[in-house]
Amino acid sequence: MSDPSLTIDTILSPELTLCRVPASSKKRVLEFIAEQIHQRDETLDDTQMFNNLVARERLGSTGIGQGIAIPHCRLEGLDRVIGVLLTLEESVEFDAIDNQPVDLVFALIVPKEATSEHLELLSQLAEKFNQRSFCEQLRASDSARTLYERMTGSAA
């Protein structure tokens, strides 16, 4: 089931790249992610997505440090991997490993059956987010289009 074409730019769409999202808490960020995906595909249950994201957070925070979080979960009935990229208007507490609040979020929703694909994507994301200058460029984006172009390295 491993798909070599599964990269950040193949799973992220401009419609699910949002800039300066207002959010007051970690819970609200996770709700917002589920709502945004559901708005674009009503066959996907936003309540189930939210519950799965929360359940994954209970296993350990997906806040990887330096103001970045990569919330992720599996979803029954999903036939593709979905990415959501957000910059937040204001940082929120995310129980991150360095105890710093988060303002840069990349969520990953994968099919229930997915195995190595999502681990490879998490690795790609962690590698990109490990570059401080790259993260600063994302944070400085003043529009969703710019944010998308910087994340994928392409002009939309």
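Glu-31 is partly exposed, with a relative accessible area of 23%, where buried means under 20% relative accessible area, exposed over 50% and partly exposed in between (1.4 Å probe, protein chains only). The model is predicted, with local features needing pLDDT of at least 70 and side-chain atom pairs counting only at pLDDT 80 or more, while totals for chains, interfaces and linings use all residues. Residues are numbered from 1 along each chain as its sequence is written, and side-chain values use heavy atoms, with hydrogens and water left out.

Salt bridges come next. A salt bridge is a side-chain nitrogen of Lys or Arg within 4 Å of a carboxyl oxygen of Asp or Glu, and a search of the whole structure finds 10 of them. Side chains of opposite charge can pair when their charged atoms come close. The table gives some examples.

| Pair | N to O distance |
|---|---|
| Glu-57 and Lys-26 | 2.9 Å |
| Lys-27 and Glu-31 | 3.8 Å |
| Arg-145 and Glu-149 | 3.1 Å |

The salt bridge between Glu-57 and Lys-26 links distant parts of the chain, for Glu-57 belongs to helix α3 (residues 46–59) and Lys-26 to helix α2, 31 residues apart. Both Glu-57 and Lys-26 are buried. Helices (H or I, at least four residues) and strands (E, at least two) are DSSP runs, numbered from the N terminus.

Lys-27 and Glu-31, by contrast, both lie in helix α2, four residues apart, about one turn of the helix. Arg-145 and Glu-149 are likewise four residues apart, about one turn, within helix α6 (residues 144–152); Arg-145 is exposed at 51% relative accessible area, and Glu-149 is partly exposed at 22%.

Leaving aside neighbours within four places in sequence, Gln-36 is in contact with Leu-16 and Leu-18, contact meaning heavy atoms within 4.5 Å.

Cys-135, in helix α5 (residues 132–140), is buried at 3% relative accessibility.
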